[in-house]
Amino acid sequence: MPYPYVLLSAAVSLDGCLDDTGPDRLLLSSPADFDRVDEVRASVDAILIGAGTIRADNPRLLVNDPGRRAARVAAGRPEYPLKVTVTATGDLDPDARFWHTGGGKVVYTTDAGAARIRGLGVAADVVSLGAVLDWPTLLRDLYEARGVGRLMVEGGGTVHTQLLQQGLADELQLVLAPLFVGDPKAPRLFGPGGYQAGRLRLVESRRIEDVVLMRYEPTAPGVDGSVSPADRHWLRIACELAADCPPSRTAFSVGAVVVAADGRELARGHSREAGDPVVHAEEAALAKIPADDPRLAAATVYTSLEPCTRRASRPHPCAELILRAGVRRVVTAWREPDTFVEAADGTGALREAGVSVVVLGAYEDLAKAPNGHLLS
Ligand SMILES: NC(=O)c1ccc[n+]([C@@H]2O[C@H](COP(=O)([O-])OP(=O)(O)OC[C@H]3O[C@@H](n4cnc5c(N)ncnc54)[C@H](OP(=O)(O)O)[C@@H]3O)[C@@H](O)[C@H]2O)c1
């Protein structure tokens with residue numbers, strides 16, 4: 001995907017507020033958690049906030065620890081991450097700290113907003129995205145034109161809500177602070193609207209003084225050829241599963257996961273699992289799902305190696321098993337090399353049968369890792 005990894009970061013009160021309505025910023029995190037946030041900032045290429053947060057909090061968005069800044073420089077990176085904001089109106093204070101601290105700055109805005117911001121005389125790259133601001137275009141520009149591989153988004157709620165609802169967030173880092181705000185007018189983290197169905201995956205929970213950090217990943221697969229952040233997470237899991245395969249000199253080690261449209265895992269499998277010396281990963285996973293499960297029609301099969309089209313060990317190759325199961329979407333990391341079967345092309349066969357096949361080449365090395373002895 002031509003987008004950065006997008007990490008949403010926020011702290012909320014027990015009643016789900018981002019702030020109160022007083023003039024000063026409400027400090028929700030603990031000192032140790034602010035230091036954790038500083039560490040995350042030091043790890044990213046850019047930090048984005050909405051114009052509402054600039055107006056409400058007037059933040060600097062710096063990496064405060066000198067050692068972390070020195071480490072960035074030593075690694076050939078800018079001392080500070082790029083600072084990014086979004087505004088439609090361009091209604092920003094030229095004296096805001098955002099403009100006068102840290103390194104480079106970019107403002108993504110509309111044609112009308114751009115005219116206003118250019119009039120402010122601030123030292124920032126002003127990018128108009130036309131009549132309205134389109135998030136995929138913004139992310140593509142950060143990735144392709146500015147080399148941003150990791151983007152931290154520090155709010156506020158308007159920005160977080162859009163990125164999550166549009167399926168553009170890879171991760172949510174949420175800190176729960178042990179206090180109540182109790183004000184019905186206080187800003188909330190997420191607004192109403194359409195989110196992914198089903199549950200997100202909790203990948204970590206950590207106590208930090210009196211707050212709790214929870215890290216979540218979205219789980220809902222993309223649709224047809226469009227790739228969601230969850231596609232990347234599931235494919236990584238499939239690739240990691242391949243490491244569980246008993247070693248073989250005559251067959252690849254492959255992992256597979258079948259996921260329903262709402263992000264629920266239906267089954268997983270790997271090559272040669274449960275003592276079956278010839279079972280393939282997709283075959284093992286699909287065998288665990290009742291053939292009449294109605295979720296299969298909208299499910300995605302994630303497999304570290306593209307499904308096979310010919311095999312000596314069993315009558316039905318995996319591409320055929322996928323078609324028989326009624327699955328219409330496959331995400332894979334690696335096209336099958338000629339090691340055992342020449343010109344296998346499971347991707348082509350499935351596409352010809354109307355299945356959407358997405359190949360995420362960024363995971364090819366991970367898929368190959370347990371198969372190095374077959375490829376040298
Ligand atoms: N607790 C935390 O972790 C945390 C973190 C950050 C912020 N906050 C709090 O959150 C509150 C601010 O949140 P918020 O939701 O009001 O503001 P926000 O999300 O920071 O910014 C919203 C503004 O960003 C611009 N914007 C957002 N989406 C846009 C789009 N698609 N196209 C063009 N412009 C867009 C608009 O600016 P224009 O109006 O200029 O057009 C919009 O009004 C503050 O109270 C702050 O303290 C808390």
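1. Helices (H or I, at least four residues) and strands (E, at least two) are DSSP runs, numbered from the N terminus. Residues are numbered from 1 along each chain as its sequence is written. The model is predicted: local features need pLDDT of at least 70 and side-chain atom pairs count only at pLDDT 80 or more, while totals for chains, interfaces and linings use all residues.

2. The ligand is surrounded by 27 residues, counted as near when the C-beta atom, placed from the backbone, lies within 6 Å of the molecule. Gly50, Gly52, Leu133, Gly155 and Gly156 are the closest. Two or more residues of this shell come from each of strand S1 (5-12), strand S2 (46-50), helix H2 (51-57), strand S3 (82-87) and helix H7 (157-165). H2 contributes the most, with five residues.

3. Helix H6 (residues 135-146) has 12 residues and spans 15 Å from first C-alpha to last, close to the 16 Å expected at 1.5 Å a residue; the expected span is 1.5 Å times one less than the number of residues.

4. Leu138, Leu139 and Leu142 of H6 are buried (20 or more other C-beta atoms within 10 Å of the residue's own, with C-beta atoms placed from the backbone; exposed means 12 or fewer, and partly exposed lies in between). The buried residues of H6 fall within an arc of 95 degrees seen down its axis, so they line one face of the helix; the arc is that of the directions from the helix axis to the C-beta atoms. Glu144 and Ala145, on the other side of H6, are exposed.

5. Just after H6, glycine 147 has a positive phi of about 65 degrees.
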